[in-house]
Amino acid sequence: MKDSDSSCTAVAPCSTANFGPGFDIFGLALDALQDTVTIKAESADPGRQNNSASLSRKDKLTISIEVGGEGSKIIPTVPENNSAGIVVKKMAADFDIRGSINVSVNKGVPAGFGMGSSAASAAAAALAFNELFGLKVEKSKLVEYAAEGELASAGTRHYDNVAASVLGGFVIVGSNRDQNLVFTSLEAPTNLVLVVAVPSMEVPEKKTGVARSVLPKAVPIESAFQNVSNASIIVAGFGLKNVELIAYGIHDAIVEPARKHLIPGYEAVKRKAQEAGALATTISGAGPSMISILDGEACGKSVASAMAAGFNEAGLKSRTFVCRPSLGAKIV
Ligand code: HSE
């Protein structure tokens, strides 16, 4: 950190998790919406590097949080319950940084709709904190810090949204029980276009936790086989820059069937999107947003209207975004 009242701002994109069969494994950063986080060190110092006078003056860490923007009224401002706050608290503890830190979150990504809202705040917070204090934490470790923030909304650390928001592109979370996590990011084909429909509906406070509570504890081998096959096809599609292969693999035999009843209009959105030219449609993250895969932008607007019409059949208005894969979080 350069002086005692410095600040640093980072932006991080929204993301879609799971991408069909890749539950907790696949994430894709999207250029539809983003969160902005500014971290201001109001006289914070790296404690151990200071003399004892400043240590005694600044022997405590206090974090204040302000939230503005999209749906900000429902975002907690208690650091322990706010995804950016959790990240800042953890990083400050690990690097022994003390004093007063203000975290200002400007929400662009609506919370609770399957667009990686808490992850975008957490990713931007991790990047801004790292830069402000000159910590030089590598990107994969920043993903792990950002995942701490997912505890606030999901009750568990899951890495798909945060990895996408930090790294950008299409990410694969590698997780072996006894080994370190591995995050791989693949560039998307330039003709991959996504349409996201975000329904206007009430969502439970800890929506991701609720959506995880309906998942089966065990799955038939046939469903596991289908998902492994489809997930492999998706990865091949990204590797070969082939949108049709990506869309072919989107079918999810495990999580989507268990969650679809939570989304009013699910069947109609899917059917209408495909009639309008979408190659595939699935739940975005834990929902209730839905996302369609398109080869090029030609039918983007008609797919967006079709998805809105599907939600409309269930009596819901919705917002739609025709978007593309995004780069990851960055300092601004
Ligand atoms: N993979 C997570 C889930 C994403 O589906 O529960 C939550 O945003």
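How many salt bridges does the rule find across the interface of domain 1 and domain 2? The rule finds two. The structure is a predicted model.

Domain 1 covers residues 7-186 of the protein chain. Domain 2 covers residues 192-323. Their centres, taken over C-alpha atoms, are separated by 26 Å. On one side of the interface, 29 residues of domain 1 take part in contacts. Together the domains bury about 2,500 Å² between them. Carbon and sulfur atoms account for 67% of this area. Within domain 1, the residues that lose the most area to domain 2 are F19, P21 and F113. Together these three make up 26% of what that side buries.

Polar contacts also link the domains. Eight residue pairs are counted in polar contact between domain 1 and domain 2. Several elements build the side of domain 1 that touches domain 2. Strand 1 (7-17), strand 2 (26-46), helix 4 (139-154) and strand 5 (170-174) each supply at least two residues. Strand 2 gives the most, with six residues. By residue class, this side of domain 1 divides into 18 nonpolar, eight polar and three charged residues.

A ligand is also present in the model. Among the residues that surround the ligand are A17, N18, F23, H158, D160 and T208. For N161, an N or O atom of the side chain is 3.0 Å from an oxygen atom of the ligand. For R212, a polar side-chain atom lies 2.8 Å from a ligand oxygen atom. For R259, the distance from a side-chain N or O atom to an oxygen atom of the ligand is 2.8 Å.

Two features of the backbone complete the description. Most residues other than glycine have a negative phi, and most peptide bonds are trans. F19 has a positive phi, near 50°. F19 sits in the loop between strand 1 and strand 2. F19 is also one of the residues of domain 1 that lose the most area to domain 2. The peptide bond from G287 to P288 is cis, and its omega is near 5°. P288 lies in the loop that runs between strand 8 (280-283) and strand 9 (290-295).

Terms used. Residues numbered from 1 in each chain as written. Predicted model: local features only at pLDDT ≥ 70, side-chain atom pairs only at ≥ 80, totals over all residues. Heavy atoms only, no water. Domains from an automatic or database assignment. Contact = heavy atoms within 4.5 Å. Buried area = accessible area lost by both parts, 1.4 Å probe. Salt bridge = Lys/Arg side-chain N within 4 Å of Asp/Glu carboxyl O. Polar contact = N/O pair within 3.5 Å; in protein donor to acceptor, adjacent residues only side chain to side chain. Helix = DSSP H or I, 4+ residues; strand = E, 2+ residues; numbered from the N terminus. Nonpolar A, V, L, I, M, F, W, Y, C, P; charged D, E, K, R; others polar. Near = heavy atom within 4 Å.
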